Every structure is written in C-alpha cells, then in structure tokens.
Amino acid sequence: MAVAKPSERPRREPAEFLRQHQAWIAFAVVVALAAGLRILRVGEGLWFEEVLWVRSATSSLRGAITLSGLTHAHPPLYVFLLKIWIWVGGHADIWLRLSSLLCGVAAVAVVYLWAAPRFGVFAGLIGSLYLAVSTFHVHYSVELRPQALMVLLVVSLVWMVDRWLDAPDCKVFLGVALFLEVALVLTHPQGLFIAAAVALYGFAVRPVRPQHLVAWTVTHFVVIAAVSWWLPLMLLQRGHVPAAAFRGSESALPPGQWVTTFGPAAAHASSIWAWCGGILALTAAAVGLYRAWRGWPGRETSSEEVRLPLVFTR
C-alpha cells in the first residue's frame, strides 16, 4: 500500500482547523483568561491570616494539626499540603500564592470538563467563563487559604459523581469520588455538608438502580472511617467559633444587593453591571433548572454523548 509523502499529503486550511477545534480553542482562551486575571494579583504581600497559615505549615506535625484545628478552625489537610509545597519551593510569597492560583485555574477547567458533556459545549464555556471572571473566585485563588482548594475539590467531586452515575459499574469513578469526598471533608469545615449536597444532587437528577444506591451507601462507611478521627474536633469547632470570625458580617445585607451577590461582580459595590450580572446568573439558573426538570427524567444518554465530541453541534 503506497503511502503519500509528507509533501503530497493534503494540507488543512486554517479555517478548517479552527472549525474542527473551535471548542478546544475557546476553552483554552477561557483558561488563559482565568490564569491572567489571577496572575495580576499573585504578587501581593501576605496578610495576617495568611502568615498564620504559613506558621502552621512550618510547625511540627503535632503543631500543624493543633494550629489548624484551634487557630484556623479548619481540618488539617490544607496545612499538610502547604507543608509539602513549602518543602518543595520555599517561602517566597509568589511561590506560596501559586498553590492557590493553580487550584483556581484548575477549577475553571474542571467546570468545563464537567458541564460540556452534560449540558453542551456552550453551557460548559459559559460556566467556566463565569467562574473565571468571578471576583470572589479570583480573590480566593490568590489567597494563601484553603478556599481555592475547596472549590476545586467540589467541582471535581460533582464531575466524578456524574461520571459514576453514567457508568455505575465502573469502580474507578466511584473510587475517585470517594477520595475527593475524604479530601473535601478534611479541607474545609463545610466539606461534610457540601459532600452530602452533591450526593443529593446526583441522585435527584438521575434514576439509580437499588444495587448502585446500596454500593454508594456501603462505600461511604469508608469515608466516615477516614474522617472519623477529625469529626469530634470539627463538631467542637462548630460550637466554639470565636466571635471575631463574625466581625463585619453582623449587619444585614441590603435587599438591593442580594441580586448582585449572584453575579461575577459580587465583590464590587452595587452598579448597573453588578445588577446585570446577577440577573443574568439567576436567569441562566432558572432556565437550567427548567430544562433539567423537562429533560432529565425521560432522557437516554449515550456513551458517545457523555464522552464528548467537543464541537458546537448542540
């Protein structure tokens, strides 16, 4: 069989290449935008609470657990990971903030990878773009605190739960989901409640066979065993949060700002752009819920649809 020489092979035109890869190109642009917005703020100096996190991570193992639980009222996983990060690259402010920046950019990418197969490429791009420009997420993606890691774990957990429900007999997806749950619970005090909410989401939007529900329930004994050593202290923390933690949040939010809190400009003062962003987000959520309510109960999803082709054909 004759093989065409490199010079004789047909060349694809740039327009054809862009048309065939437009989804991936748009995805790369969104990720680059997310990285750029966060890099602009990565050079800021550390403030008081971030310095406390560094102090906790540079303490002994016992000191790290104690400071994480009593000073920060957080589970210890983030301190352990930060300790490894400091051991690898040192104490430079930019290097320390880079850990949160990578988590923030990765969360933007995971939103697309989860939403594009489930709701379509356009929805995946809108969701990832929304997170990429979110002022709250940009802020916490350069702070030396566990919030950026928590968001990454949450969106990854939702993605893996969806993949497992698409293929309930695949134990890899279930194992990864359980691993992410353990990591989430050991990263943030709200992790246990968020993990429960993700499980409710998964079983609320998909028909699940009884044997798969039993498998999910039984395997969660592993999750409980993995975090049981921390649960008593976590419950103690919830009842003894210092009053200073609520400073600045005692006054009620004006009714007019409730809409803006849902928009990408939530951290800025009220403006017409903040209002438009909040209204757009609420409208998109309402439309999504309506389409989910109309489409999911009787929808049959093929394996080809779940595993992408990532092109604008929907």
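**Overall make-up and confidence**

The protein chain has 314 residues, and 39% of them count as buried. It holds 15 helices and zero strands. Among contacts with a separation of 6 or more, 72% join residues 24 or more positions apart.

Mean pLDDT for the protein chain is 75. A value of 70 or more is reached by 66% of the residues. Residues 244–249 have pLDDT below 50, and beyond near neighbours in sequence this stretch has one contact in the model. Residues 296–314 also have pLDDT below 50, but that stretch has 37 contacts beyond near neighbours in sequence. Where pLDDT is low, the predicted coordinates should not be read in detail.

**Helix α2 and its two partners**

Two packed helices are described by the angle between their axes and the distance between the axes.

| Helix pair | Angle | Axis distance |
|---|---|---|
| α2 (residues 22–39) and α6 (residues 93–119) | roughly 155 degrees | within 10 Å |
| α2 and α7 (residues 121–133) | about 10 degrees | 9 Å |

Take α6 to begin with. The axes of α2 and α6 cross at roughly 155 degrees. The angle is over 145, so α2 is roughly antiparallel to α6. The crossing is right-handed. On the α2 side, the contact is made by Ala 23, Trp 24, Phe 27, Val 30, Val 31, Ala 34, Ala 35, Arg 38 and Ile 39. The α6 side supplies Leu 101, Gly 104, Val 105, Val 108, Ala 109, Tyr 112 and Leu 113. By class, this contact has 14 nonpolar residues, one polar and one charged.

Now α7. Its axis packs against that of α2 at about 10 degrees. The angle is under 35 degrees, so α2 is roughly parallel to α7. From α2 come Ala 23, Ala 26, Phe 27, Val 30, Leu 33, Ala 34, Leu 37 and Arg 38. They meet Val 121, Leu 125, Ser 128, Leu 129, Leu 131, Ala 132 and Val 133 of α7. The residues of this contact divide into 13 nonpolar, one polar and one charged.

**Around Trp 114**

Trp 114 lies in helix α6. Leaving aside neighbours within four places in sequence, Trp 114 contacts Phe 119, Val 158, Trp 159, Asp 162 and Tyr 201. Arg 163 is 49 residues away along the chain from Trp 114, and their C-alpha atoms are separated by 8.7 Å.

Notes: Residues are numbered from 1 along each chain as its sequence is written. This is a predicted model: local features need pLDDT of at least 70, side-chain atom pairs count only at pLDDT 80 or more; totals for chains, interfaces and linings use all residues. Side-chain values use heavy atoms; hydrogens and water are left out. pLDDT is the predictor's confidence in each residue, from 0 to 100. Contact means heavy atoms within 4.5 Å. Axes are lines fitted to C-alpha atoms, for helices over the stretch in contact, and angles run from 0 to 180 degrees between N-to-C directions. Helices (H or I, at least four residues) and strands (E, at least two) are DSSP runs, numbered from the N terminus. Angles under 35 degrees count as roughly parallel, over 145 as roughly antiparallel, 65 to 115 as roughly perpendicular and the rest as oblique. A crossing is left-handed if the near helix is turned anticlockwise from the far one by less than a right angle, and right-handed if clockwise. Ala, Val, Leu, Ile, Met, Phe, Trp, Tyr, Cys and Pro count as nonpolar, Asp, Glu, Lys and Arg as charged, and the others, Gly among them, as polar. Buried means under 20% relative accessible area, exposed over 50%, partly exposed in between (1.4 Å probe, protein chains only).
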